[in-house]
Amino acid sequence: MKIAELRGHQVVCSAFIKKDNKFLIVMCPGFKVWRIPGGRAEHGEKLEETLIREMREETGIEFKNPKFIGYGQDQQFLVRGQKETSRLIMFFYVETSKEPKLDFNEAEDFKWVTFDELKLIKNKEGALTDFFNRNFNLML
């Protein structure tokens, strides 16, 4: 069966990964912005399946029972593909005691930051900024 090419938002699932009261952020080589780990849903995948697969691929950590906490939208310029993309990012919350083993094709740098520090980062993906604007009183 041929899958139809759709126009509109790409659906992405990302997770606020908490360890020792800090959150993992990564520098995205494609967009050149700080983001929380995640990736696009594949055809036929449920959102939770996308998140668990993407976390395993990007961080090397298996997560169970992610908690959905909200969404954000953006339009950003994809440096690698030299095109603009439109995304709807579904944000989840998970906790870990493990250190990530990052795929450096997906993340060229990483750091652990507090939730308040994350809100203040200037160079972060647009959907994350949109999420914070929609949920300005949220505490994790």
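Which side chain meets that of arginine 53 in a salt bridge? The partner is glutamate 45, with an N to O distance of 2.7 Å. The legends below describe close-up views of a predicted model.

**Figure 1. Overview of the predicted chain, which has three helices and seven strands.** The order of elements along the sequence is β-β-β-β-α-β-β-β-α-α. Of the 140 residues in the chain, 46% are buried. Taking contacts between residues at least 6 apart in sequence, 68% join residues at least 24 apart.

**Figure 2. The salt bridge between arginine 35 and glutamate 58.** The two side chains meet with an N to O distance of 3.2 Å. Arginine 35 belongs to strand 3 (residues 33-35) and glutamate 58 to helix 1 (residues 47-59), so the bridge ties together parts that lie 23 residues apart in sequence. Arginine 35 has a relative accessible area of 6% and is buried. Glutamate 58 is also buried, at 3%. Both values fall under the 20% limit for a buried residue. The structure holds 11 salt bridges, and this pair is one of them.

**Figure 3. A network of salt bridges around arginine 53 and glutamate 45.** The network links Glu42, Glu45, Arg53, Glu54 and Glu57. Within this group, the side chains of arginine 53 and glutamate 45 meet at 2.7 Å, N to O. Arginine 53 is buried, its relative accessible area being 10%.

**Figure 4. The salt bridge between arginine 56 and glutamate 62.** The closest N and O atoms of this pair are 3.6 Å apart. Arginine 56 has a relative accessibility of 39% and counts as partly exposed. By contrast, arginine 35 and arginine 53 are buried.

**Figure 5. The largest nonpolar core, with 19 residues.** The residues with the most contacts inside this core are Phe16, Ile25, Ile36, Phe91, Leu118, Leu128 and Phe132. Two or more core residues come from each of strand 1 (10-19), strand 2 (22-28), strand 6 (83-95), helix 2 (115-120) and helix 3 (126-134). Helix 3 gives the largest share, four residues. A separate core of 14 residues lies apart from this one, and its members include Ala15, Val26, Ile61 and Ala107.

**Figure 6. Surroundings of leucine 118, a residue of the largest nonpolar core.** Neighbours within four places in sequence are left aside in this view. Leucine 118 is then in contact with Phe16, Ile25, Ile36, Val113, Lys124, Leu128 and Phe132. Among these contacts, Phe16, Ile25, Ile36, Leu128 and Phe132 are also listed with the residues that have the most contacts inside the core.

**Figure 7. The loop that holds aspartate 20, between strand 1 and strand 2.** Most residues other than glycine have a negative phi. Aspartate 20 is not a glycine, yet its phi is positive, at about 50°. With a relative accessibility of 66%, aspartate 20 counts as exposed.

**Figure 8. The loop that holds asparagine 65, between helix 1 and strand 5 (67-78).** Asparagine 65 has a positive phi, near 55°, and is a residue other than glycine. Its relative accessibility is 73%, and asparagine 65 counts as exposed.

How values were computed
Residues numbered from 1 in each chain as written. Predicted model: local features only at pLDDT ≥ 70, side-chain atom pairs only at ≥ 80, totals over all residues. Heavy atoms only, no water. Salt bridge = Lys/Arg side-chain N within 4 Å of Asp/Glu carboxyl O. Buried < 20%, exposed > 50% of the residue type's maximum accessible area, 1.4 Å probe, protein only. Core = buried A, V, L, I, M, F, W, Y, C linked by side-chain atoms within 4.5 Å. Contact = heavy atoms within 4.5 Å.
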